[in-house]
Amino acid sequence: MYGLAPHIDLTFLRGLKLVQICISSVQVQFHFLQPGHTSSDTGISVETSYTHRHGSDEYQWSHDVHASNASSVLFLIDNEITDFRGDSDGTLMLVFSNGD
């Protein structure tokens, strides 16, 4: 992980709508749409691991497990980012409009 710069401004994430998820054996890509736009212009790629919390369930994905383990994030499609937090260790936490 490269980490996030101290005092990074992530406010541009709020309101972005997740419109596409691309899953491969080594990477998961999240593509977002800004309000009022018609094509995706913001993306986040994950190459190491992530945790997805959906209700009381928690799902883990990492590059060394089968790609199907990433399928839980499909619940996020068509939802907007409502909150976020970035940590100096490189962790980015996103909260979506469906509560995930």
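At 5% relative accessibility, His52 counts as buried, where buried means under 20% relative accessible area, exposed over 50% and partly exposed in between (1.4 Å probe, protein chains only). The model is predicted: local features need pLDDT of at least 70, side-chain atom pairs count only at pLDDT 80 or more, and totals for chains, interfaces and linings use all residues. Residues are numbered from 1 along each chain as its sequence is written, and side-chain values use heavy atoms, with hydrogens and water left out.

**His52 and its surroundings**

Strand β4, residues 49-54, holds His52. Helices (H or I, at least four residues) and strands (E, at least two) are DSSP runs, numbered from the N terminus. Beyond its neighbours within four places in sequence, His52 is in contact (heavy atoms within 4.5 Å) with Asp57, Glu58, Tyr59, Ser72, Val73, Phe75, Leu76 and Asp100. With one of these, Ser72, the His52 side chain makes a side-chain polar contact. A polar contact is a pair of N or O atoms within 3.5 Å; within protein, one must be able to donate a hydrogen and the other to accept it, and residues adjacent in sequence count only if both atoms are side-chain atoms.

Asn79 sits in the loop between β5 (57-62) and β6 (81-86) and, at 12% relative accessibility, counts as buried. Leaving aside neighbours within four places in sequence, Asn79 is in contact with Leu16, Lys17, Leu18, Phe96, Ser97 and Asn98.

| From | To | Distance |
|---|---|---|
| His52 side chain | Ser72 side chain | 2.8 Å |
| Asn79 side chain | Ser97 side chain | 3.1 Å |
| Asn79 side chain | Asn98 backbone nitrogen | 3.3 Å |

His7 is placed in the segment before β1 (17-23) and counts as exposed at 82% relative accessibility. From His7 to Ile81 the separation is 74 residues in sequence and 20 Å in space, C-alpha to C-alpha.

**The whole protein**

The protein has 0 helices and 7 strands. Its radius of gyration is 13 Å, close to the 13 Å that the globule rule gives for 100 residues, so the protein is as compact as a globular protein of that length; the radius is taken over C-alpha atoms, and the rule is 2.2 Å times the number of residues to the power 0.38. The C-alpha atoms fill a box of roughly 35 × 30 × 25 Å along the principal axes. Of the 100 residues, 29% are buried. Among contacts with a separation of 6 or more, 39% join residues 24 or more positions apart.
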